[in-house]
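Please read them with the structure open.

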Amino acid sequence: MSVKVFDTKEVQDLLKAATNVGSQDGGARAKQIVNRLLGDLFKAIDDLDMTPDEIWAGVHYFNKLGQDGEAALLAAGLGLEKYLDIRMDAEDKAAEITGGTPRTIEGPLYVAGAPVRDGVAKIDIDPDDDAGPLVIRGTVTGPDGEPVAGALVECWHANSKGFYSHFDPTGAQSDFNLRGAVGTGSDGKYEFRTLMPVGYGCPPHGATQQLLDVLGRHGNRPAHVHFFVTSNNSRKLTTQINIEGDPLIWDDFAYATREDLIPHVVEKTGGTALGMKTDAYKEIQFDIELTPLIQGKDNQLVHRLRASASA
Ligand code: MBD
Ligand code: FE
């Protein structure tokens with residue numbers, strides 16, 4: 001039995017009352033958004049004839065999602081975070097902004113406060129027997145192609161188990177392990193000496209994986225390294241690189257992979273002299289091109305709740 005009540009006066013009045021749209025009180029923008037989302041939900045319940053059992057399963061799912069602290073993880077897994085990138089890409093296109101290293105999602109695991117080094121940072125604090133040494137280096141250039149001095153390159157990535165410091169369920173890692181920040185000199189160069197990451201998997205008993213299971217999807221990411229790159233006269237870049245050869249590169253549960261963000265991994269020797277744990281090491285060159293401010297403003301700055309710690 002399928003009834004349709006959405007378009008009745010009773011339901012429309014309920015929607016208006018619940019979101020207080022007839023009143024001057026509250027925030028106009030918040031009311032507009034809540035009214036639209038709640039209305040879309042009411043309509044979907046009508047259209048799909050959702051049962052009370054289904055609605056309560058969804059309501060209680062939100063409780064588990066919050067208890068697990070996974071709302072931002074689910075946002076990545078459902079492609080919501082990727083969707084915001086698609087919109088920013090389209091805004092750039094409409095504004096005829098071309099060039100620059102492509103953006104890709106931040107994800108939920110950044111921690112502010114990593115110690116800043118000049119030019120080079122060794123960021124592996126904890127030993128990791130299963131991870132080989134890795135150098136990631138490159139040059140930050142501006143829209144004019146010139147090296148940018150005084151840029152801040154931040155990076156963060158997982159260990160050989162796919163776990164990030166500050167979020168490691170085993171509690172094994174030191175603060176800021178595999179997280180670093182480098183300020184560039186006049187040559188625009190940055191370098192991180194670190195260990196090869198492994199791809200992340202969602203907590204197996206968490207709310208995100210629970211929903212992915214229902215959708216018949218996996219919750220894994222290929223091995224990757226995150227970056228924030230900031231400089232005074234450029235827009236902040238949020239991006240990642242993937243580790244070439246990872247079988248999940250084009251099967252990322254968070255949809256962050258982009259063609260230009262898979263730099264080659266090169267075998268090198270001479271690691272001992274660089275303070276690496278073995279002489280043979282892998283090197284990735286990742287040059288970063290920043291884009292100019294738009295009418296003096298950074299329209300890529302995203303404000304969201306982020307963890308922070310002091311080093
Ligand atoms: C990650 O490491 C990540 O980058 C994203 C987007 C989601 C979960 C874990
Ligand atoms: Fe990540």
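Predicted model: local features only at pLDDT ≥ 70, side-chain atom pairs only at ≥ 80, totals over all residues.

1. The protein chain is divided into domain 1 (9-73) and domain 2 (79-308). Taken over C-alpha atoms, the domain centres are separated by 35 Å. Seven residues of domain 1 and twelve residues of domain 2 take part in the contact.

2. Buried area. Between them, domain 1 and domain 2 bury about 780 Å². Carbon and sulfur atoms carry 59% of that area. On the domain 1 side, Tyr-61, Glu-70 and Leu-73 stand out: they supply 68% of the area that domain 1 buries against domain 2, more than any other three residues.

3. Polar links. How many salt bridges are there between domain 1 and domain 2? The count is zero. Polar contact does occur between the two domains, in five residue pairs, with both residues at pLDDT 80 or more.

4. Where the domain 1 side comes from. Two or more residues each are given by α3 and α4 (71-77). The largest share, three residues, comes from α3. By class, the side of domain 1 that touches domain 2 has four nonpolar and three charged residues, and no polar ones.

5. Geometry of α3. Helix α3 covers residues 52-67, 16 residues in total. At 1.5 Å a residue the helix should span 22 Å, and its end C-alpha atoms are 23 Å apart, so the two values agree. After α3 comes Gly-69, with a positive phi near 65 degrees.

Key:
Residues numbered from 1 in each chain as written. Chains lettered and ligands numbered in written order. Heavy atoms only, no water. Helix = DSSP H or I, 4+ residues; strand = E, 2+ residues; numbered from the N terminus. Expected span 1.5 Å × (residues − 1). Domains from an automatic or database assignment. Contact = heavy atoms within 4.5 Å. Buried area = accessible area lost by both parts, 1.4 Å probe. Salt bridge = Lys/Arg side-chain N within 4 Å of Asp/Glu carboxyl O. Polar contact = N/O pair within 3.5 Å; in protein donor to acceptor, adjacent residues only side chain to side chain. Nonpolar A, V, L, I, M, F, W, Y, C, P; charged D, E, K, R; others polar.
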